[in-house]
Amino acid sequence: MENKDRPQVVMVPWLAMGHLIPFLELSKCLALKGFQISFISTPKNIDKLPKIPPNISSLINLVKIPLPQVDNLPVYAESTFDLPSEKVHYLTKAFDGLQVPMASYLENSLPNWIIYDSAAYWLPPIANKLGIPCAYFCLVNAATIAWNGPPSVLMGITENPRKTLEDILGVPPWVPFPSKVVYRLHEILRLMKNYNQDNNVEDVSPGYRAGSSPQGADVVFIRSCTEFESDWLQLIEENILQKPVVPVGLLPPSSVRSDDDNDNGETWREISEWLDKQKKESVVYVSIGTEATPTEEEVVELALGLELSQLPFFWVIRNPKCLTGDDSFKLPDGFEDRISFSGRGYICKGWAPQVRILAHPSVGGFLTHCGWNSIIEALSLGQALIMLPFLGEQGLNARMLEERKVGMEIPRDERDGSFTRDSVAKSLRMVIVDEDGETFRAKAREMRGIFGDKHLHDQYIDKFVQYLKDYKPKET
Ligand SMILES: O=c1ccn([C@@H]2O[C@H](COP(=O)(O)OP(=O)(O)O[C@H]3O[C@H](CO)[C@@H](O)[C@H](O)[C@H]3O)[C@@H](O)[C@H]2O)c(=O)[nH]1
């Protein structure tokens, strides 16, 4: 078939590694099913993407649209990875500036579908005008969407029944079954601080953006599955979003992603040499994702807790150079020397081949911030979790997973969120080596049956593809 005769899909991910990667994974799935994809992002983000396998590379057209400049956004910053979290709203403002070039791209290409991300609340009206069906691809789980609540409430169209801090800390009134998926006080206080900051810079409130993205879509595709959260999926489809919600499955990664070989395998060779020397299931892999910016105190407690645990560790630290004027990844004095002298730790500053490390037989647990990508990757490999959520919906994910007993949260002070090196060390030992922690390890291995079931998730992709092909646009 000629490429121009294939069904065309335009993908519009948000400017964040944790979004670009799953959008690209979904693009690859569609290309393998015969679709022609236009994957739109800014030049630097496109350049950073994992390599596309040669058998489908001609079916994924990487489209670079330059990011408009806005005040206070450093010129080099094109994704959340390049910024401390308190500056992300400038990136959101710049992203909104893509509306005009995006509209003209769509007018010229007239694809069969547009699949967009949470930040692009302005895309559905453009798609409607052009008569192109559009889908919101939701990269968080259904429990999070349910916690956020109905779009009309988020957008300020109908009254918000959650008025007090107590209301916000409790189970939302629209959740009809018992739930432990709630935020802690320190998480809510941090979210409110960010919300107010964002409100001052962006043209619309973060709530309006979060509500109108699913509201404007013809269908919501979600990276989830009924085997994991059927109650929540049903709740969001029937009561919260009140439109078709189609799970695309968990998109579990293959253990060797093509990005691992961007330097001809040099990085991996060095890392695997170190991992190969460690005992089976003894190493803790530590990463708090691509967005969280811990305070200096948090970094110190984390570092000293790792040391205190006596466990070997692999710690990937987001490149501190990205964080302008910010020294929050300053490690405690002498820490790096002690670690390299004893050979007990591997500190990787920048980007690590996460999936490949998690799949190594020496790794016995994952200290994680609970980003949805990381959770899926870890549980698809049966790794137990030591959870330290920082921002966004990560706290909700941690509650959900603690309930499933696939790991434990590092205890934090309820009000200020502080944690100690002792609690880091204790939690690590509990999940990775203590006899009492065997439940966590066993439950995490069991969860692999859902998260790592390739056949199950291939079936989800088949149904998703069928949905795209069978869709009949509504009469206007
Ligand atoms: O050195 C690194 C760092 C990250 N990754 C990959 O980058 C992704 C990171 O995604 P995630 O674990 O979800 O973390 P964040 O990028 O910090 O996640 C943002 O996006 C997620 C999906 O929307 C949300 O769940 C989080 O709360 C939000 O912070 C994963 O695929 C990792 O494997 C690497 O391969 N190497």
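This is a predicted model: local features need pLDDT of at least 70, side-chain atom pairs count only at pLDDT 80 or more; totals for chains, interfaces and linings use all residues.
To set up the view, colour 3-252 + 453-470 as domain 1 and 255-451 as domain 2. Their centres, taken over C-alpha atoms, are 26 Å apart. Each domain brings 47 residues to the contact.

Now turn to the charged pairs. How many salt bridges are counted between domain 1 and domain 2? The count is three. To look at a salt bridge in detail, select E409 and R184. The closest N and O atoms of this pair lie 3.2 Å apart.

Then display polar contacts across the whole interface of domain 1 and domain 2. There are 19 residue pairs in polar contact, with both residues at pLDDT 80 or more.

For the secondary structure behind the domain 1 side, select helix 1 (17-32), helix 6 (142-148), helix 9 (185-201), helix 11 (226-240) and helix 20 (454-470). These are the elements that give two or more residues to the side of domain 1 touching domain 2.

Finally, colour that side of domain 1 by residue class. Its residues comprise 26 nonpolar, seven polar and 14 charged.

Terms used
Residues are numbered from 1 along each chain as its sequence is written. Side-chain values use heavy atoms; hydrogens and water are left out. Domain bounds come from an automatic or database domain assignment. Contact means heavy atoms within 4.5 Å. A salt bridge is a side-chain nitrogen of Lys or Arg within 4 Å of a carboxyl oxygen of Asp or Glu. A polar contact is a pair of N or O atoms within 3.5 Å; within protein, one must be able to donate a hydrogen and the other to accept it, and residues adjacent in sequence count only if both atoms are side-chain atoms. Helices (H or I, at least four residues) and strands (E, at least two) are DSSP runs, numbered from the N terminus. Ala, Val, Leu, Ile, Met, Phe, Trp, Tyr, Cys and Pro count as nonpolar, Asp, Glu, Lys and Arg as charged, and the others, Gly among them, as polar.
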